[in-house]
Amino acid sequence: AAELERMMSQDLQVPYVLGVTSCTAALVVALKALGIGYGDKVIVPAVTFIATAGAVISANAVPVFVDADESLNMDPNDLERVMDEDVKAIITVPILGAACDMDGIMSFAKKHGIAVIEDVAQSSGVKYKGKAQGTIGDINVFSFQMNKILTSGEGGAVTTSDPRLFERAVRYHDQGLYRPHFRDTYDFEPQDI
């Protein structure tokens, strides 16, 4: 796992990578790292794999669906329709290699002070304006399941540029522990979370 994490960090130019058992597990870890829980709402695209909404439910939150645009991805113009005070995050899912409109989505998220998770399970390697999908959101997830672009039969990963979110993700994934591997690999001190 350490070599996969190191290679992804280098290739994606993102400082923090956590290997996990599946992309569904990565989604739950990302949601928990963000503090998503009971009663929170998470905006998800209407066109996606069931695990996107399922992970939100596993985090005791409520998935809220938005329409798709002509690319079959989340339509940033439909986000305002579902926004309310309970919405805490957005999960984008670039479908079958078509990049999401990340400018529109990130602008909306910033305006409302909510987090963005990029779920690039179906689109590893896709770029948006020269930047890899899975590096633009606050915390992001990848799949290595047998039907995906990069496969190991199963597995997933979480990426972020935020050391606090990374530590929360590792601690949630590892039952509160913080692996010595991460202490040796990443240049920051574990924080009180």
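How many residues of strand β1 are buried? Five of its five residues, 16-20, are buried, so the strand is mostly covered. Buried means under 20% relative accessible area, exposed over 50%, and partly exposed in between (1.4 Å probe, protein chains only).

## The model

This is a predicted model, with residues numbered from 1 along each chain as its sequence is written. Local features need pLDDT of at least 70, side-chain atom pairs count only at pLDDT 80 or more, totals for chains, interfaces and linings use all residues, and side-chain values use heavy atoms, without hydrogens and water.

## The whole protein

The protein has seven helices and nine strands. These are DSSP runs numbered from the N terminus: helices are H or I with at least four residues, strands are E with at least two. Of the 193 residues, 51% are buried. The protein exposes about 9100 Å², by the Shrake-Rupley method with a 1.4 Å probe. Carbon and sulfur atoms supply 52% of that area.

## Strand β1 and its partner

Tyr 16, Leu 18 and Val 20 point one way from β1. Val 17 and Gly 19 point the other way. Strand β9 (residues 156-160) runs antiparallel to β1, and five bridges join them. Two strands pair if DSSP finds at least two bridges between them. Tyr 16 stands opposite Thr 160 in β9.

## Two loop residues

Gln 13 lies in the loop between α1 (2-12) and β1. Its phi is near 55 degrees, a positive value in a residue other than glycine. Gln 13 counts as exposed because its relative accessibility is 70%.

Leu 72 lies in the loop between β3 (62-66) and α4 (79-82). Its phi is also positive, near 75 degrees. Leu 72 counts as partly exposed, at 44% relative accessibility.
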